[in-house]
Amino acid sequence: RKEVFDVVTFVLVLPPRSCALICRLTAPKVLEEMFYALPWEPLRPVQDTTGGPCLCFPLQIDALCTQSVGGPMTHFFCESYHAVDFRCPVGTPLLAVGDGTVHDVSDSNVVSGIWAENLGKWNSISLDLDCGQFRFDYVHIRPGSARVRPGDRVTRGQIICESGDVGFSPEPHVHLEMHRIDDLDGPSEPFLFTTSADVAYVPVACRVYGPQGESGVGDLQVGETPCAS
């Protein structure tokens, strides 16, 4: 039987070369058994570029954009700088953003919440777009929801899986991110969505978007924590 502990997770965004006293730990056990941390490494510079391919909106419903390009919660570093998050109920169908081939499917993880160890336990589907340059990722998908397998061909607008809240995720949402196939560990790449009238746009946090484009201001208030990844 796995032992369960109450945990507290701190997610901090600090200016370069600054420090903050967050808490003091007093524990009867060895700290290595109770504390999880990612290996420290310096952040790479962000290239704040624009443009990119015009893609199909990945939802059939209107959804609040909770974090967009350069989001201060988890999109401030180059690997996820151009990612976009949408709040949506668990089980919301997710659509292929373009024609392509499924590269990878992972939908067996079930953990959720903001315990730091969950950062490495998400579910996702990766799609190689037919242009041959980009791999598009859908992250936090619902366990067992994948409707495709690696190697499957998909078409723009096809349902490929369902949204979830798996991994480091304070609420149900989908995290969308794209990388160059020849530099998968490098910076994320910018992309745009298009409306049914072929109007291209980049989603902005705190606004609602759907297949027809922007549909209004959402319920994310100033000071509210956005989605975490």
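What follows is a set of questions and answers on the labels used for this model.

Tutor: Two ground rules come before the labels. This is a predicted model, in which local features need pLDDT of at least 70 and side-chain atom pairs count only at pLDDT 80 or more, while totals for chains, interfaces and linings use all residues. Residues are numbered from 1 along each chain as its sequence is written, and side-chain values use heavy atoms, with hydrogens and water left out.

Student: How many helices and strands does the chain have?

Tutor: Zero helices and 14 strands. Helices (H or I, at least four residues) and strands (E, at least two) are DSSP runs, numbered from the N terminus. Along the sequence the pattern reads β-β-β-β-β-β-β-β-β-β-β-β-β-β.

Student: What is the order of the nine strands in the open sheet?

Tutor: The order is E8-E5-E6-E7-E10-E3-E2-E13-E14, with antiparallel pairing. Strand E8 (153-154) and strand E14 (213-217) are the edge strands, since each pairs on one side only.

Student: What makes E7 and E10 a pair?

Tutor: Two strands pair if DSSP finds at least two bridges between them. Strand E7 (residues 134-139) and strand E10 (residues 173-180) are joined by six bridges and run antiparallel. Tyr138 has Leu176 in E10 as its bridge partner.

Student: How many bridges pair strand E2 with E13?

Tutor: Two bridges, in the antiparallel sense, between E13 and strand E2 (residues 63-67). Ala63 has Tyr209 in E13 as its bridge partner. E13 is also joined to E14 by four bridges, again antiparallel. There, Val208 is partnered by Gly216 of E14. E13 and E14 form a hairpin, with two residues between them.

Student: Why is Val8 called exposed?

Tutor: Buried means under 20% relative accessible area, exposed over 50%, and partly exposed in between (1.4 Å probe, protein chains only). Val8 has a relative accessible area of 66%, so Val8 is exposed. Val8 lies in the segment before strand E1 (54-56).

Student: Why is Cys206 called partly exposed?

Tutor: Cys206 has a relative accessible area of 28%, so Cys206 is partly exposed. Cys206 sits in the loop between strand E12 (200-201) and strand E13 (207-210). Cys206 and Gln67 are 139 residues apart in sequence, and 7.7 Å apart in space, C-alpha to C-alpha.

Student: What makes the contact between Arg142 and Glu162 a salt bridge?

Tutor: A salt bridge is a side-chain nitrogen of Lys or Arg within 4 Å of a carboxyl oxygen of Asp or Glu. For Arg142 and Glu162 the N to O distance is 3.0 Å. The pair links distant parts of the chain, 20 residues apart: Arg142 is in the loop between E7 and E8, and Glu162 is in strand E9 (residues 159-162).

Student: Is Glu162 buried or exposed?

Tutor: Buried, because its relative accessibility is 16%. Arg142 is partly exposed, because its relative accessible area is 35%.

Student: Which other arginine and aspartate meet in a salt bridge?

Tutor: Asp182 and Arg180, at 3.3 Å, N to O. Asp182 is exposed because its relative accessible area is 61%. Arg180, at 28%, is partly exposed. Separately, salt bridges that share partners join Arg142, Arg147 and Glu162 into one network.

Student: How much of the chain is buried?

Tutor: Buried residues make up 40% of the 229 residues. The accessible surface of the chain is about 12,900 Å², and 55% of that belongs to carbon and sulfur atoms.

Key
Areas by Shrake-Rupley, 256 points an atom, 1.4 Å probe, with all protein chains shown as cover.
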